[in-house]
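Let's go through some of the labels used for this protein and ask what stands behind each one. Have the fold open beside you as we go.

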Amino acid sequence: NLIIISVYCPVFGSEEYDTELNEIHHEIERILNKHEKYDLIIAGDWNAQIGRHDNQNNNDNHDGNRGHFGLPYTNQQGEALMQWIVNNNLAWINSYFYEKDRGTWRNRSNHLWYELDGFITYSHRRHHIAKKLFTREHNGLSDHNMKILVLHRLTCFNKKRPHITVS
């Protein structure tokens, strides 16, 4: 079985930020505990920037939770999200795939790209579940570019089914 959870995290600095973020994390943890044998994809707008894994930084102990690809910086919200990912034995799928243009949102003030949207799964299943990841430009309906994850066929699915695409 596959569980897909869609999230929209609050923007840092809003009045509801801490309360809403804690509620989201607790609800996801409740689902994780109830369905721990299921495959899992958590997808959405995390409003957090997680940069690539840095082998040179001895303080970066996220092996198995973060790969070597991504933008070069992590913001405060990204550090908090990464800690939550580690604490729950999850992995930031985006960081295991190379993409030339990976930004999903561009800050109009400083003109920097951020990868705020992405996917999370169990760390021990990260290479078995995700096949391909890419970013498509937005079509004007949103200020975010679309992040698309193509999954491997999961053993529990009928072998005649095509790959599943989550966007």
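Q: What makes Thr121 the bridge partner of Ala91, and which strand is Thr121 in?
A: Thr121 is in S6, and there it is the bridge partner of Ala91. Ala91 itself is found in strand S3. Strands here are DSSP runs of E with at least two residues, while helices are runs of H or I with at least four, all numbered from the N terminus. This is a predicted model, in which local features need pLDDT of at least 70, side-chain atom pairs count only at pLDDT 80 or more, and totals for chains, interfaces and linings use all residues. Residues are numbered from 1 along each chain as its sequence is written, and side-chain values use heavy atoms, with hydrogens and water left out.

Q: How do you know that S3 and S6 are paired, and in which sense?
A: Two strands pair if DSSP finds at least two bridges between them. S3 and strand S6 (residues 117–122) have three bridges, in the antiparallel sense, so by the definition they pair. Trp92 also stands opposite Ile120 in S6.

Q: Why is Ala91 called buried?
A: Buried means under 20% relative accessible area, exposed means over 50%, and partly exposed is in between (1.4 Å probe, protein chains only). Ala91 has a relative accessible area of 0%, so it is buried.

Q: Which residues are in contact with Ala91, leaving aside its neighbours within four places in sequence?
A: Contact means heavy atoms within 4.5 Å. With those neighbours set aside, the partners of Ala91 include Gly64, Ile85, Tyr96, Phe119, Ile120 and Arg126.

Q: What makes S6 largely enclosed?
A: Six of the six residues of S6 are buried, so the rest of the structure largely encloses this strand.

Q: How do you know that S2 and S6 are paired?
A: Four bridges join them, and the two strands run antiparallel. One of the pairs is Gly44 with its bridge partner Gly118 in S6.

Q: In what order do the four strands form the open sheet, and which are the edge strands?
A: The order is S1-S2-S6-S3, with mixed pairing. Strand S1 (2–8) and strand S3 (90–92) are the edges, because each pairs on one side only. Neighbouring strands are turned by 20° against each other on average, direction ignored.

Q: Which helices pack on this sheet, and which strands do they touch?
A: Helix H1 (residues 17–34) touches S1, strand S2 (39–45), S3 and S6, and its direction makes about 180° with that of S1. Helix H2 (residues 76–87) touches S2, S3 and S6, and its direction makes about 145° with that of S3. For such angles, axes are lines fitted to C-alpha atoms, for helices over the stretch in contact, and values run from 0 to 180 degrees between N-to-C directions.

Q: Asn47 and Asn89 are loop residues; which is buried and which is exposed?
A: Asn47, in the loop between S2 and H2, has a relative accessible area of 12% and is therefore buried. Asn89, in the loop between H2 and S3, reaches 52% and so counts as exposed. Phi is positive in each, near 50° for Asn47 and about 55° for Asn89, although neither is a glycine.

Q: Why is Lys147 called buried?
A: Lys147 lies in strand S8 (residues 146–151). Its relative accessibility is 5%, so it counts as buried.
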